[in-house]
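Student: Hi! Could you walk me through this one while I have it open?

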Amino acid sequence: MMLAASVVFTYYTTWAMLLPFFDSSSPIHDWFPGREWAVRIPAFILVVGLSVIGAFFGSTIVEENRKKAQQARLRTA
């Protein structure tokens with residue numbers, strides 16, 4: 001897992017931070033997608049991740065409230 005994270009970090013750092021310092025005719029530019037994707041991909045991952053976390057919290061809260069309502073009904077019955 002650490003190896004995969006290190007490879008992704010190195011690739012992204014090279015792509016986003018070091019690539020602008022290379023001449024545009026350099027063959028290293030062929031190894032990477034366009035620079036606009038260096039922003040779009042992490043932004044998409046962030047939006048999806050926050051959506052999943054929000055959905056998890058929302059479903060947990062709804063489930064908890066259902067359990068509390070069920071317990072309240074049992075107490076009054």
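Student: Which residues does Phe32 touch, not counting those up to four places away in sequence?
Tutor: With that exclusion, Phe32 touches Tyr11, Thr14, Trp15 and Leu19, where contact means heavy atoms within 4.5 Å. This is a predicted model, in which local features need pLDDT of at least 70, side-chain atom pairs count only at pLDDT 80 or more, and totals for chains, interfaces and linings use all residues. Residues are numbered from 1 along each chain as its sequence is written, and side-chain values use heavy atoms, with hydrogens and water left out.

Student: Where does Phe32 lie?
Tutor: Phe32 is in the loop between helix 1 and helix 2. Helices here are DSSP runs (H or I, at least four residues), as are strands (E, at least two), numbered from the N terminus.

Student: Is Phe32 buried or exposed?
Tutor: Phe32 is buried, because its relative accessible area is 11%. Buried means under 20% relative accessible area, exposed over 50%, and partly exposed in between (1.4 Å probe, protein chains only).

Student: Which residues form the largest nonpolar core?
Tutor: The largest nonpolar core has five residues, Trp15, Leu19, Ile28, Phe32 and Ala38. A nonpolar core is a set of buried Ala, Val, Leu, Ile, Met, Phe, Trp, Tyr and Cys residues joined through side-chain atoms within 4.5 Å.

Student: And what does Trp15 touch?
Tutor: Leaving out residues up to four places away in sequence, Trp15 touches Pro20, Phe32, Pro33, Gly34, Arg35, Trp37, Ala38 and Ile41.

Student: Changing topic, what is the radius of gyration of the protein?
Tutor: The protein has 23 Å, whereas a compact globule of 77 residues would have a value near 11 Å. That radius is taken over C-alpha atoms, and the globule rule is 2.2 Å times the number of residues to the power 0.38. Along its principal axes, the C-alpha trace spans about 80 × 25 × 15 Å.

Student: How many helices and strands does the protein have?
Tutor: Two helices and zero strands. Of the 77 residues, 9% count as buried.

Student: Which residues form the nonpolar patch on the surface?
Tutor: Trp37, Ile41, Phe44, Ile45, Val48 and Val52, with about 590 Å² of accessible area together. Patches are made of residues with over 30% relative accessible area and no salt bridge, joining like charges within 9 Å and nonpolar side chains (Val, Leu, Ile, Met, Phe, Trp, Tyr) within 5 Å. Areas come from the Shrake-Rupley method with a 1.4 Å probe, and for residues, only the protein chains shown count as cover.

Student: How many salt bridges are there in the whole structure?
Tutor: The search finds one. The side chains of Lys67 and Glu63 meet in that salt bridge, at 3.7 Å from N to O. The term means a side-chain nitrogen of Lys or Arg within 4 Å of a carboxyl oxygen of Asp or Glu.

Student: Where do Lys67 and Glu63 lie?
Tutor: Both are in helix 2, four residues apart, which is about one turn of the helix. Lys67 counts as exposed, since its relative accessibility is 51%, while Glu63 counts as partly exposed at 44%.
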